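Student: Please take me through this model chain by chain, and state each criterion when it is needed.

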Amino acid sequence: MREFRMPALGADMESGVLAQWLVKPGSAVSPGDIVCVVETQKGAIEVEIFEDGVIEEILVEPGTEVPVGQPLARLDGGPAAAQGAAPELKPMEPQAGRPADVQAAPRSPAAPAGPPPEPRARPARALVTPAARRRAAELDVDPETMTGTGIDGSVTLADVEVAARRPESVKRPPQELAPEARPARGFDKSAMRAAIAAAMQRSKREIPHYYLGQAIDFSAAQGWLEARNADLPPASRLMPAVLLLKAAALSLRAVPDLNGHFVDGAFRPGKDINVGWVVALRGGGLVAPAINGVDRLPLPDLMSALRDLVQRARAGGLRASELSSGTVTVTSLGERGADRVMGVIYPPQVAVIGFGRIASRPWVVDGQVVARPLVDASLAADHRVCDGRLGGLLLAAIDRHLQKPGEL
Amino acid sequence: MSSPAAHMTLIREILAGIAPEAADCDIPGDADVREALDLDSMDFLNFIIALHEQTGVDIPETDYPQLFTLDGAIAYLGQHDRS
Amino acid sequence: MTGAGPLTYREACRQALIEALESDPRVFMMGEDIGAYGGCYAVTKGLLEQFGPERVRDTPLAESGFTGAGIGAAMVGMRPIVELMTCNFSLLALDQIMNSAATLAHMSGGQFAVPLVIRMATGAGRRVAAQHSHSLEGWFAHIPGVKVLAPAVIEDARYMLGPALADPNPVLIFEHVMLYNDTGPHDPSVTEVDISSAAVRREGSDVTLVTYGGSLRKCLAAAGQLAEERISADVIDLRILRPLDSATVLESVRRTRRCVIVDEAWRSGSIAAEIGMRIAEEAFFDLDAPLRRVCSAEVPVPYAPAMEDAALPQVDDIVGTVRQLLGKS
């Protein structure tokens with residue numbers, strides 16, 4: 001018996017409202033199927049399942065607010081059961097320092113009477129003791145952001161009490177509005193604002209940002225785009241943003257230390273280059289759903305992906321995986337934006353690459369000042385992971401790639 | 001579909017699909033719709049795509065600035081829409 | 001016979017038996033070497049002379065047989081006290097204890113009670129190797145229908161026998177071998193004890209040490225050391241392993257929010273596991289640290305002294321575990 005649980009759609013999500021089921025008991029599901037719609041602070045998200053099986057029981061009615069991790073449905077079957085295979089037998093794992101067999105007995109005279117707890121990988125979530133978690137809820141503070149003094153660095157009751165007395169202690173984002181006050185598939189602006197606030201406060205509190213900027217001559221890219229787009233119908237045309245996005249992704253291949261997550265005090269490089277693309281929502285708020293493997297996508301595919309993503313982000317049709325798979329963020333302000341942007345990193349990512357408006361500005365070519373379309377590229381990166389020299393290499397690589405748009 | 005009024009209706013429909021508030025706001029004919037409706041580059045591209053698909057008018061990138069205002073867009077379609 | 005010196009645990013056990021034999025003619029004893037030899041641990045020394053072979057009966061080495069005889073005697077109105085030399089040997093009588101003593105009241109629809117008391121020695125530390133040193137009281141605490149007592153202090157050694165004999169259920173008393181020479185402290189004003197509740201042996205506020213039997217002294221010593229580091233430990237003596245007094249444990253853990261269970265038995269499938277699970281079930285949200293156990297190494301108790309000591313829970317292990325729980329190691 002397996003359970004399908006409320007996923008965490010981003011680092012700061014604590015709960016979501018199950019809005020709609022797209023399967024019912026008896027439905028067969030396979031990995032990638034969208035099984036339900038969940039309303040979050042980021043709007044209505046389509047949630048995929050990543051297992052094979054048959055939905056046996058729906059555990060949560062639409063309209064219910066459900067904490068992250070709580071089972072939403074039970075699954076039966078699956079490949080093994082469907083084929084009538086016997087349950088997998090695992091070999092017994094040897095237990096270091098804990099002889100369980102007679103023959104092993106006399107060999108460890110110095111084994112402590114109480115064997116130490118097995119070493120375990122630290123979970124991705126913060127260690128907060130049950131008592132601390134309950135007290136934090138009473139005091140309306142967020143224990144996950146605190147420094148723990150307990151066993152394994154866990155946040156204890158005393159840590160919560162001490163933190164709550166500090167004036168700068170971070171209150172939890174306000175709870176979402178009552179369900180009836182929310183549009184079925186729209187955005188709750190105050191909730192989204194709270195979610196952004198929580199993520200950005202955490203970023204600025206925890207991440208020592210460093211910033212770099214570089215003006216890049218966009219004339220080669222612009223010329224190439226104009227020539228390419230001239231013969232194509234509007235739907236097949238590429239936007240400058242696609243070149244910027246692709247150039248950034250390709251450059252990250254050479255600087256993998258900027259692509260990944262910083263979790264539990266250590267950097268974990270991303271396996272793929274999944275770029276969270278910042279989409280501003282009409283009327284305020286933003287969301288940064290990811291396109292996976294951007295460095296491997298041909299430009300037309302990337303353009304389609306981008307259009308689709310922006311459309312769904314604004315209509316409230318993002319998928320759960322898109323909100324959590326990002327390994328880096330890219331933001332482009334577009335033709336009506338400001339000249340440059342210095343981003344705030346979206347934890348647990350370690351970098352955000354920004355592009356300002358592409359505009360005609362003076363540029364020196366062969367000792368002459370000429371007008372050129374320029375774009376200011378910027379990088380905000382996590383100083384815990386790397387230093388400015390590496391960041392500079394990234395911006396230089398982006399510049400190089402943009403000078404050869406035909407190879408993007 | 002070649003009258004300015006028909007073009008106006010079409011443009012408004014397309015814009016309302018991109019920016020819902022376009023349906024009930026009065027945009028001056030000489031105002032930049034990108035400003036008036038807070039359209040970004042992607043929105044504007046979608047506007048052009050929809051115009052192209054529904055009128056058959058080919059709108060090269062170099063002509064985009066002519067379609068930044070309602071008046072400009074109507075004039076442009078009047079000039080190029082041979083349907 | 002009240003000696004002039006401090007009362008030992010052994011002497012307390014002996015006085016309890018004398019009082020039982022004197023006060024109730026239905027009480028008699030059976031066991032290996034309890035008569036002429038005076039008991040393997042000298043608990044019954046002099047009783048044969050005092051009460052005669054009818055009431056202090058040496059038996060053959062046949063635990064199943066004489067335990068069964070005790071059950072039958074109890075069913076027909078006697079109040080037998082059966083001594084099994086060590087709990088390792090009790091396994092030969094396990095069928096009688098589990099399939100007969102524990103079940104007869106149930107299977108007879110309440111027509112038969114089995115008011116039998118079985119005493120046995122338990123635990124390690126006497127350098128008598130793996131066949132005489134194990135702590136199996138947790139196994140017996142698994143069985144519905146019996147009561148399992150673990151006297152850890154002089155008062156309990158002296159006064160638990162009375163209510164055990166008065167109880168209509170079979171009662172097993174586990175006396176830890178390292179306690180027989182223990183001399184206290186004890187409170188002479190105490191003249192009766194219950195066989196239903198756990199006892200708080202030391203009060204503290206930072207951590208609860210839950211233990212019983214032979215490990216109580218180690219926990220009290222650990223609590224003393226921890227006090228020097230300004231860590232205040234509540235020490236709970238379970239006293240009765242079945243039925244468990246969860247309320248006392250939970251009350252303490254809810255106060256201290258941390259718990260270390262100290263049990264000389266092996267940890268897997270142990271009474272320590274049961275206590276930990278009850279805390280997880282009932283007091284999860286009060287916990288401010290993971291639960292921890294200090295138990296014996298999962299090996300047959302070794303013979304060599306250094307190895308035996310290494311295999312058993314020691315004061316340093318308890319202190320170290322508590323420090324770690326408090327994030328101070």
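Student: How many helices and how many strands does chain B have?
Tutor: This is a predicted model, in which local features need pLDDT of at least 70 and side-chain atom pairs count only at pLDDT 80 or more, while totals for chains, interfaces and linings use all residues. Residues are numbered from 1 along each chain as its sequence is written, and chains are lettered from A and ligands numbered from 1 in the order in which they are written. Taking helices (H or I, at least four residues) and strands (E, at least two) as DSSP runs numbered from the N terminus, one reads the elements of chain B from that end as α-α-α-α. The count for chain B is 4 helices and 0 strands.

Student: Which element of chain B supplies the largest share of the side that touches chain A?
Tutor: The contact (C-beta atoms, placed from the backbone, within 7 Å) takes 16 residues from chain A and 13 residues from chain B. The largest share on the side of chain B amounts to 6 residues, and these come from helix 3 (residues 41-55) of chain B.

Student: How many charged residues are on that side of chain B?
Tutor: The classes are nonpolar (Ala, Val, Leu, Ile, Met, Phe, Trp, Tyr, Cys and Pro), charged (Asp, Glu, Lys and Arg) and polar (the others, Gly among them). The side of chain B that touches chain A has 7 nonpolar and 2 polar residues, and the number of charged residues is 4.

Student: How are helix 6 and helix 9 of chain A oriented to each other?
Tutor: Helix 6 (residues 240-254) of chain A packs against helix 9 of chain A with the axes 8 Å apart and at an angle of about 130 degrees. Angles under 35 degrees count as roughly parallel, over 145 as roughly antiparallel, 65 to 115 as roughly perpendicular and the rest as oblique. Helix 6 and helix 9 of chain A are therefore oblique.

Student: How many nonpolar residues does the contact of helix 6 with helix 9 of chain A have?
Tutor: The residues making the contact include A:Leu243, A:Ala247 and A:Leu250 from helix 6 of chain A and A:Leu393, A:Ala397 and A:His401 from helix 9 of chain A. By class, the residues of this contact comprise no charged and 2 polar, and the nonpolar ones number 11.

Student: Which strands stand at the edges of the open sheet in chain C?
Tutor: In chain C, 5 strands form an open sheet with mixed pairing, in the order 7-9-8-11-12. Each edge strand has a single partner, so one side of each is left without a neighbour in the sheet, and these strands of chain C are strand 7 (199-202) and strand 12 (292-296).

Note on methods. Two residues are in contact if their C-beta atoms, placed from the backbone, lie within 7 Å. Axes are lines fitted to C-alpha atoms, for helices over the stretch in contact, and angles run from 0 to 180 degrees between N-to-C directions. Two strands pair if DSSP finds at least two bridges between them.
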